[in-house]
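The following note sets out points for a colleague reading this entry. Please consider them alongside the sequence and the coordinates.

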Amino acid sequence: MGNKDMVYLNTLELVEKYLEGCNGEQFLDRPTGPAAFAEGLIFGSGDKWKNNKKAFLKAMHTQTLLEDMEAAVQIELNIALDDLYQKAETGEPTKIGDTLLPACANVVSSFLLGESLPKASEDRTILHGIVKNLENVDLTSPLVQFSLKHPKLCWYLKKILWQDIVDIHATSGRLQRLIGGWINQIRQKSVDPTENQAQLIAPDSSSVDNVTPQVSKPVSDGCVTTEEYFQRHLGHEQSMNVNHYSILRRILAQPEFRQTEGSKDEELLQSLVDMFFGGVTTVLSGLEFILMYLSKNPTMQKLAQQEIAHVLVKETKNSSSKGNQAQNEITWSMREKMPYLRACIVEGLRLGCVTPSSVPHVASVDAEIEGYSVPRGTLVFVSLYSVHRDQEEYAEPTEFRPERHLDSEGNFRPPKNYRPYGIGARLCLGEALSEMEIFIFVAVILKEFTIVPPESKKASEMKTHMRIVHRLKDFECILSASGMEDEA
Ligand code: HEM
């Protein structure tokens, strides 16, 4: 690529062989260059990245993590629903992404802060402006690369070329200042001497399995996978997080980010910015692909809606027979009872393939791949696109077929060739949040609405942007308030 050597790993076997275990240690780093923000969680390398990731993982390893995440997802979804009802009333084609984009950003902020930013607050408006600005950034565009390398020329370029070039440095700076404000507020409040510092720092080893998908291979030749390295170093103290300290507060308490005199928060701020860089357009794109495929396949959409209705009726009956107040809310715990919906989601993420080439890795030492020498500095890409469309695994891989993920009894069967969140120690940090967010958002949207495509174009004819984040171009649909007529 350009004047850089590049390797593309395009089968699951190769990806597992070279990005996990001992081999994976050689390709953990990210390339530096104009598009890289140098440090932080996504673009950081070496010990700095390890420390950052370790600190975030530790802060997130609490027994209440799933509860905290679900609260963030439910609150923001409810706010978004008001907007969607209004859109449904018009009966007109609508860009559902305009509502879901701020919702996805607010899920990340709510998750970090442990509470939703007030609805009409300045912070909420600023955050919305920032993610709107970042929504269409194409890091692979030569113009964007140039403006990243020469941020001061960005303004002139815009004038000369009459093009709208997003000033990524400035936008990232605005996000850093916003997050910096949240950090200051927490630090000012956290002078309470009774605060249980140990609890804020300690990970909860019992929940490691739940939040960190297992990517480790058995240790063979004395070499430790990076995942195991993290797990070993996370310690074994319990942290119940009974006080529901926010994740951001727990992150701030980690020794890696403890502020000392004269120290700056650069690593911390960039890592927090990365939670938004990594966790907004990706989830949005996944949601749009799933909703698009379901809108183009009304029979499948109906089946999913019937399944949701059926589960809700059963749950409501159960809770009223136990004397509990009947609820009509979709929860994360219901996913086990909704195999068809899960199959639709997995199939949408498989085909949509939100991050087709993952995020680039780089060889940090002279290495070898399948007998070919791979000099230090070579870019290593993972073609998740090829993994997801492997003909050996998927008959007619370009077709949307949720049934392929169900066994003969209708149980959900996780597919083998499916790695939307990457692989190895650089695995996505937001996988658990994203899985929950996508499940609850899709289930609730299908419960409330029927999604109709504006015109009868086939799904395969939908245009997409093939960037770091693969995104549908101008996805529109008509929402019609769903009567759930055919409830089971
Ligand atoms: C559908 C949604 C998402 C997809 C498809 C996705 C995919 C990915 C992929 C492929 C990687 C790179 C893995 C590698 O380098 O091998 C990654 C990294 C990352 N993601 Fe996600 N992601 C999603 C959602 C999220 C969310 C919700 C967050 C946080 C709120 C997040 C935060 C991150 C971070 C911080 C990294 C960097 C991890 C590292 O380099 O160690 N992502 N993601």
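1. A residue is taken as buried if 20 or more other C-beta atoms lie within 10 Å of its own, and as exposed if 12 or fewer do. By this criterion Ser110 is buried, because 23 other C-beta atoms lie within 10 Å. The model discussed here is predicted.

2. Where does Ser110 lie? Ser110 is found in helix α6, which spans residues 96-113. Leaving aside residues up to four places away in sequence, Ser110 touches Ala72, Ile75, Glu76, Glu115 and Ser116. The C-alpha atoms of Ser110 and Ala71 are separated by 8.5 Å, although these two residues are 39 residues apart along the chain.

3. On the chain as a whole, the secondary structure comes to 20 helices and nine strands. Of the 488 residues in the chain, 43% are buried. Among contacts between residues at least 6 apart in sequence, 79% join residues at least 24 apart.

4. A helix pair deserves a separate point. Two packed helices are described by the angle between their axes and the distance between the axes. For helix α16 (residues 281-296) and helix α18 (residues 339-352), the axes come within 8 Å and cross at roughly 110°. Angles of 65 to 115 degrees count as roughly perpendicular, so α16 is roughly perpendicular to α18. The crossing in which α16 passes α18 is right-handed.

5. Which residues make the contact between α16 and α18? On the α16 side they are Ser285, Gly286, Phe289, Ile290, Tyr293 and Leu294. On the α18 side they are Cys344, Ile345, Gly348, Leu349, Leu351 and Gly352. The residues of this contact divide into eight nonpolar, four polar and no charged.

6. The annotated position is Cys428, which an unreviewed UniProt entry lists under "binding site". In the model, Cys428 is placed in the loop between α19 (384-388) and α20 (431-448). Is Cys428 buried or exposed? Cys428 is buried, because 21 other C-beta atoms lie within 10 Å, and the cut-off for a buried residue is 20 or more. Not counting residues up to four places away in sequence, Cys428 touches Tyr421 and Gly422.

Key: Residues are numbered from 1 along each chain as its sequence is written. This is a predicted model: local features need pLDDT of at least 70, side-chain atom pairs count only at pLDDT 80 or more; totals for chains, interfaces and linings use all residues. Axes are lines fitted to C-alpha atoms, for helices over the stretch in contact, and angles run from 0 to 180 degrees between N-to-C directions. Helices (H or I, at least four residues) and strands (E, at least two) are DSSP runs, numbered from the N terminus. Angles under 35 degrees count as roughly parallel, over 145 as roughly antiparallel, 65 to 115 as roughly perpendicular and the rest as oblique. A crossing is left-handed if the near helix is turned anticlockwise from the far one by less than a right angle, and right-handed if clockwise. Two residues are in contact if their C-beta atoms, placed from the backbone, lie within 7 Å. Ala, Val, Leu, Ile, Met, Phe, Trp, Tyr, Cys and Pro count as nonpolar, Asp, Glu, Lys and Arg as charged, and the others, Gly among them, as polar. UniProt positions are given in the numbering used here, feature names are shortened, and annotations may be inferred rather than shown by experiment.
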